[in-house]
Amino acid sequence: MRGLILALCCAAASCANLRAGPAEPFNVATVAPGVFVHAGKMLALDAPGHDDIANLGFVVGSLCVAVIDTGGSVRTGRALRAAIRERTSLPVCYVVNTHVHVDHVLGNAAFRDDHPKFVGHAQLPAALARSRALFLRDYAADLDAPASAAQIIAPDLLVTDTLDLDLGGRTLKLKAWDKAHTDCDLTVLDASSGTLFAGDLLFRERVPALDGSALGWLEAIEALRRFNVRHVVPGHGPVGPDLSAAVVPEQRYLRALVADVRAALADGKSLSDAVAQVAGDRADWLLWDTAHAHNVARAYQELEWE
């Protein structure tokens, strides 16, 4: 029935026009000269506006522009592209995805006509291949109609360890991480301004979502803390100046998650009992009910083999 309704709607007008973007203007803040960030909304993935929940950014050099994540729909990607065009006429030479999740990658198709290099972790193509059917089934309305696999764009420039991108007068330093938030996390450091785009290795205010390895994520956080930066852009939540302080709540949450799941395993609790009973570090995290139970299940599946 849902598919029939969608087909009838698209026959009258394009889905992109029917699913209008947010009423308020597309916000873009200047973090440092030539560095811009769009703040995503604190919404769940099943809420209206779910295609605009991730922080997105772009960095302008003297030769060209690099985009860091493109949002959860082609519509959001187009809004980001329009915001770039309001600030510079320089070409978009790179589109960097920090990981596979739908809220960070579905806007890629909005930049296809710019003919950029699409850049990602070496594991991102495989992760996108695993996710493609899910994206087409559950997020078809966030693509141009008719939704197609061709709109889910994988990187053609892969990062296995580190990679520098020259934008003209400024260099972006990319780093691929071992399995942490996902198995394809990438961070982007603008060396000129000291701005770190941490992707979803860093959540602020919104409860972290585990899709990789809790232990690997904790290791990544320890490594991140050693970065010398002046601005940190999380995947979700407010931009800030103090990276070391920004990671503390997330680190505390993940440590509590690991400790509580280990205790549940030691007590012989089943997966379902652990999901129901592991309280975790509730603190003041937003959207707790949308992610914590999932995190417990993922941590249980990881830690039961220790």
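Where is the place of Leu243? Leu243 sits in helix H7, and it is a handy way into this predicted model. A search of the whole structure turns up 1 disulfide, and the count of aromatic pairs comes to 6.

- Leu243 has a relative accessible area of 5%, so with the cut-off for buried at under 20% it counts as buried.
- Setting aside residues up to four places away in sequence, Leu243 touches Leu196, Leu224, Phe227, Val229 and Val232.
- Leu243 and Ala198 are 45 residues apart in sequence, and their C-alpha atoms are 9.8 Å apart in space.
- Leu196 has contacts of its own beyond its neighbours within four places: Thr187, Val188, Leu189, Leu224, Phe227, Val229, His231, Val232, Val233 and Leu243.

**The nonpolar cores**

- The largest nonpolar core holds 37 residues, and Leu196, Trp217 and Leu257 are the ones that touch the most other members.
- Two or more residues of this core come from each of E11, H6, helix H7 (243–246), H8 and H10.
- H6 gives the largest share of this core, with 7 residues.

- Does the length of H8 fall in line with, or depart from, what its 19 residues should span? Helix H8 covers residues 248–266, and at 1.5 Å a residue it should span 27 Å; its end C-alpha atoms are 27 Å apart, so the two agree.
- The buried residues of H8 are Glu250, Gln251, Tyr253, Leu254, Leu257, Val258, Val261 and Ala264.
- These residues cover an arc of only 165 degrees around the axis, which means that they lie on the same side of H8.
- There is a simple background to such a pattern: an α-helix has 3.6 residues a turn, so residues three or four places apart point the same way.
- The partners of the buried H8 residues are strand E11 (195–203), helix H6 (214–224), helix H9 (271–277) and helix H10 (288–303).
- Just after H8 comes Gly268, with a positive phi of about 75 degrees.

**Aromatic residues and the loop between H9 and H10**

- Among the aromatic pairs of the model is that of Tyr253 and Trp285, which is edge-to-face, with 6.0 Å centre to centre and 75 degrees between the planes.
- This pair links distant parts of the chain: Tyr253 is in helix H8 and Trp285 is in the loop between H9 and H10, 32 residues apart.
- Tyr253 and Trp285 are both buried, and together with Trp288 they form one aromatic cluster.
- Asp281 is also placed in the loop between H9 and H10, and its relative accessible area of 16% makes it buried.
- Leaving out residues up to four places away in sequence, Asp281 touches Pro249, Arg252, Tyr253, Ala256 and Trp288.

**The disulfide and the cysteines**

- The disulfide is formed by Cys64 and Cys93, whose sulfur atoms are 2.0 Å apart.
- The link of Cys64 and Cys93 is right-handed, with 65 degrees about the S-S bond.
- Why does the pair tie together parts that are 29 residues apart in sequence? Because Cys64 lies in the loop between strand E3 (56–60) and strand E4 (65–68), while Cys93 lies in strand E5 (residues 92–96).
- Cys64 is buried at a relative accessible area of 8%, and Cys93 counts as buried at 18%.
- Cys184 counts as buried too, at 0% relative accessibility.

**Val74 in helix H3**

- Val74 belongs to helix H3 (residues 74–87), and with 1% relative accessibility it counts as buried.
- Beyond residues up to four places away in sequence, Val74 touches Leu106, Gly107, Ala109, Ala110, Asp142, Leu143, Asp144 and Gln151.
- For Val74 and Ala110, the separation is 36 residues in sequence and 5.5 Å in space, C-alpha to C-alpha.

Terms used: Residues numbered from 1 in each chain as written. Predicted model: local features only at pLDDT ≥ 70, side-chain atom pairs only at ≥ 80, totals over all residues. Heavy atoms only, no water. Helix = DSSP H or I, 4+ residues; strand = E, 2+ residues; numbered from the N terminus. Expected span 1.5 Å × (residues − 1). Buried < 20%, exposed > 50% of the residue type's maximum accessible area, 1.4 Å probe, protein only. Arc of directions from axis to C-beta. Contact = heavy atoms within 4.5 Å. Core = buried A, V, L, I, M, F, W, Y, C linked by side-chain atoms within 4.5 Å. Disulfide = S-S within 2.5 Å. Phe/Tyr/Trp six-rings, centres within 6.5 Å; stacked < 30°, edge-to-face > 60°.
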